[in-house]
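Please look at the sequence and the 3D structure below before reading on. The explanation then moves from the whole chain to single residues.

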Amino acid sequence: MNTAIRMVAMMIVLAGLTGCGSLMHPRAGEFLEQAKGASGVETQINLTNMIETSIKAVRGQTDYEAGLDALHNQVYALKKSACQVTDEQAKTLAYAKAMTLRREVGIIFHRLWKTRDDQAKRDMHLDLLAHRIGELREALQAVKG
């Protein structure tokens with residue numbers, strides 16, 4: 001019993017030190033670094049390009065697990081990249097729209113993940129995700145100017 005309690009305590013400490021995102025999205029930092037732009041908005045634009053490429057690679061594939069895993073990490077990297085946006089950019093209407101679209105991307109990906117075993121539903125959600133990613137990129141381009 002004491003061993004089980006110690007294991008749970010160690011997991012909580014480990015998650016607290018590294019952050020849960022590091023456990024659930026181990027490659028998100030790698031994608032964030034690859035997409036690094038001159039500003040937070042440029043980084044997000046680069047990530048939307050990466051995500052769009054991943055969506056195209058996964059669509060219609062029967063062996064989709066690795067592609068969805070990469071897409072999962074990229075979507076999380078997109079979420080993390082919001083911290084790099086300047087206060088001035090964050091106050092614009094275009095960025096408010098971008099934030100709403102980014103949240104929608106997360107929700108769509110969550111539904112995609114839940115229905116990943118059904119190819120028709122997976123492809124439908126991938127199409128919707130691609131559409132929202134395109135809208136997000138347009139909103140981010142407006143912030144960039």
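The structure is a predicted model, in which local features need pLDDT of at least 70 and side-chain atom pairs count only at pLDDT 80 or more, while totals for chains, interfaces and linings use all residues. Residues are numbered from 1 along each chain as its sequence is written, and side-chain values use heavy atoms, with hydrogens and water left out.

The chain contains 8 helices and 0 strands; here helices (H or I, at least four residues) and strands (E, at least two) are DSSP runs, numbered from the N terminus. Followed along the sequence, the pattern reads α-α-α-α-α-α-α-α. Of the 145 residues in the chain, 38% are buried. A residue is called buried under 20% relative accessible area, exposed over 50%, and partly exposed in between (1.4 Å probe, protein chains only). Contact means that heavy atoms lie within 4.5 Å. Among the contacts between residues at least 6 apart in sequence, 72% join residues at least 24 apart.

Leu 32 lies in helix H3, which covers residues 28–34. Leu 32 counts as buried because its relative accessibility is 12%. Setting aside residues up to four places away in sequence, Leu 32 touches Thr 43, Leu 47, Ala 77, Lys 80, Ser 81 and Gln 84. For Leu 32 and Leu 47, which are 15 residues apart along the chain, the C-alpha atoms are separated by 7.5 Å.

The second residue, Ile 55, belongs to helix H4. Its relative accessible area is 4%, and Ile 55 is therefore buried. Apart from neighbours within four places in sequence, Ile 55 is in contact with Leu 71, Leu 126, Leu 129, Ala 130 and Ile 133. Although Ile 55 and Leu 129 are 74 residues apart in sequence, they are 8.1 Å apart in space, C-alpha to C-alpha.

With a relative accessible area of 12%, Arg 102 is buried. When neighbours within four places in sequence are left aside, Arg 102 contacts Leu 78, Lys 79, Ala 82 and Leu 136. Between the C-alpha atoms of Arg 102 and Ile 133, 31 residues apart along the chain, the separation is 8.0 Å.

Side chains of opposite charge can pair when their charged atoms come close. How many salt bridges does a search of the whole structure find? The search finds 6 salt bridges. In one of them, the side chains of Arg 59 and Asp 127 meet at 2.7 Å, N to O. This pair links distant parts of the chain, with Arg 59 in the loop between H4 and H5 and Asp 127 in helix H8 (residues 119–144), 68 residues apart. Arg 59 is partly exposed at 38% relative accessibility, and Asp 127 is partly exposed at 39%. Arg 59, Asp 123 and Asp 127 are linked in a network of salt bridges.

Arg 132 lies in helix H8 and Glu 104 in helix H7, so the pair ties together parts that are 28 residues apart in sequence. Glu 104 is partly exposed, with a relative accessible area of 27%. Arg 132 also meets Glu 135 in a salt bridge (3.3 Å, N to O). Both Arg 132 and Glu 135 lie in helix H8, 3 residues apart, about one turn of the helix.

Finally, consider the surface. The chain exposes about 8,600 Å², and carbon and sulfur atoms supply 58% of it. Asp 63 is located in the loop between helix H4 (40–58) and helix H5 (65–81). Asp 63 counts as exposed because its relative accessibility is 62%.

Technical notes
Accessible areas come from the Shrake-Rupley method with a 1.4 Å probe; for residues, only the protein chains shown count as cover. A salt bridge is a side-chain nitrogen of Lys or Arg within 4 Å of a carboxyl oxygen of Asp or Glu.
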